[in-house]
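Hi,

Here is the model I promised to pass on.

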Amino acid sequence: MIEIDAFHRQGDFTLQANVRAKGRALALCGASGAGKTTLLNIVAGLVRPQAGRVEVNGVTLLDTKLGIDLAPRRRRVGYVFQELRLFPHLKVERNLLYGRRFAPKATPSVDFDQAVDLLGLRGLLTRWPARLSGGEKQRVAIGRALLANPQILLMDEPLAALDDARRMEILSYIEKLRDAFAIPIVFVSHRLSEVERLASDIAVLDHGKVAERRGGGRANGS
Amino acid sequence: MEQGASLSAILAPFTPQEWTAILLSLKVATVGTLVSLPFGLAVAYLLARRSFPGKTLLNGIVHLPLVMPPVVTGWLLLLGFGRQGPFGHAFEACCGLVFSFRWTGAALAAAVMGFPLMVRAIRLSIETVDTKLEQAAKTLGAPSPLVFATITAPLALPGIVAGMILAFARAIGEFGATITFVANIPGETQTIATALYSATQIPGGEAGAARLTIVAILIAFAALVVAEILAARVSRAAMDQ
């Protein structure tokens, strides 16, 4: 269960969006500049909206009315950034394990070997990020977010920088993730076609407003 | 031999007093650099990454030793860290640490004089580290001090090393603040620079002055070479990215 309600004004741009999803995957769609990434940043706590509320799995991450605003490191979101942001001075394995030591010990955790095998990272562990192809970097970024043991995965255009063959490959990895680990995913894309396959709930953003909604709990899973 | 010194006199072994001055210089510069490093990192981080009231003032104070006459800095150190000074008194009372007319005072003077150079270099390199990487570390659960230790500092390492080398070299050459604060006592506070000054003040001291000059040049040159090697290694690493 994901619920995002935000009002945020930045210069000429105003975001006023209310999105919720009952299913395991929510997709945010829309042209560039529609406010998709801003919405993800609000969920992650990297942008603080003037007013808003974010709730994930019954945990309130932000509520400006109640004065709740968890620090990004306490929100337990696994954020796969559009520009990936792999740590260039750490090899793949250290990148993957970065969030591990900060994750709460008590909760059931994502198994390292399972995640590595699922994402096909076994052969890459000792490589530097600079030595990876685009698709490999993308998988490492997804693995790093996943292994931080998050409550929710945020993926910003995980397919945009890839060619068609790679795109299908990553798409199927994300499908596997969604089904193998019970972690809700918020997925941002400018292409409706690729999100339809993944998400049960879709919100189309246009100039900072929700222009269209699909799903809304209509379907659970795919 | 009226002018200058003969070659054989220059090539003669160091006198015990010269050795003492050389080793003391290295000790003072090393201790001064290492002790100021944590403060340099903290101030550079604050200036590069945080905004707070008084930031301009802090920046100004840090840079003062660079623009003030060194004698003024030395005199202020004497007022503040002399045995009667408020800080000097406090340090002596709490941990028995005395600065005035001791080698520790020379290290303090060296640290203060090198501090602006160290902070500048570290600040500039912290500013080149992409804040987006720091954000990523935060979303992965890292608290701020660990974000700095695991992401910012390693990526800013070339600048940190450069800052240390600049501060070290400045410390080796430090004269005005040192001689004002802790005088020029052989075996306690006499460094290469102040020994060189003494040598030029006595008849027949030219050979000693020449030898110390060569040592000072060699140390400065070695510092530059180390800086160059590190810079080359860093740019090679950057090419790999």
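**Where the chains meet**

In this predicted model, 16 residues of chain B are in contact with 17 residues of chain A (contact means that the C-beta atoms, placed from the backbone, lie within 7 Å). On the chain B side, the elements giving two or more residues are α7 (131–139) and α8 (144–155). Helices here are DSSP runs of H or I with at least four residues, strands are runs of E with at least two, and both are numbered from the N terminus. The largest share of that side, seven residues, comes from α7(B). Sorted by class, the side of chain B that touches chain A has nine nonpolar, four polar and three charged residues; Ala, Val, Leu, Ile, Met, Phe, Trp, Tyr, Cys and Pro count as nonpolar, Asp, Glu, Lys and Arg as charged, and the others, Gly among them, as polar.

Two housekeeping notes. Residues are numbered from 1 along each chain as its sequence is written, while chains are lettered from A and ligands numbered from 1 in the order in which they are written. As this is a predicted model, local features need pLDDT of at least 70 and side-chain atom pairs count only at pLDDT 80 or more, whereas totals for chains, interfaces and linings use all residues.

**Chain B as a whole**

Chain B has twelve helices and zero strands. Its C-alpha atoms fill a box of roughly 70 × 50 × 30 Å along the principal axes. Of its 241 residues, 39% count as buried (20 or more other C-beta atoms within 10 Å of the residue's own; 12 or fewer is exposed, in between is partly exposed, with C-beta atoms placed from the backbone). Among contacts in chain B between residues at least 6 apart in sequence, 75% join residues at least 24 apart.

Do look at α2 of chain B (residues 16–49): its 34 residues reach 48 Å from first C-alpha to last, close to the expected 50 Å (1.5 Å times one less than the number of residues). A kink of about 40° lies in α2(B) at B:L37, shortly before the proline B:P38; the bend is the angle between axes fitted to the seven residues ending there and the seven starting there.

**Two positive phi values**

A:L84 is not a glycine, yet has a positive phi of about 65°. A:L84 lies in the loop between β7 (77–80) and α3 (92–97) of chain A, and is buried, with 20 other C-beta atoms within 10 Å.

In chain B, phi of B:A183 is near 60°. B:A183 lies in the loop between α10 (176–182) and α11 (192–201) and counts as partly exposed, with 16 C-beta neighbours inside 10 Å.

Cheers

Notes: Two residues are in contact if their C-beta atoms, placed from the backbone, lie within 7 Å.
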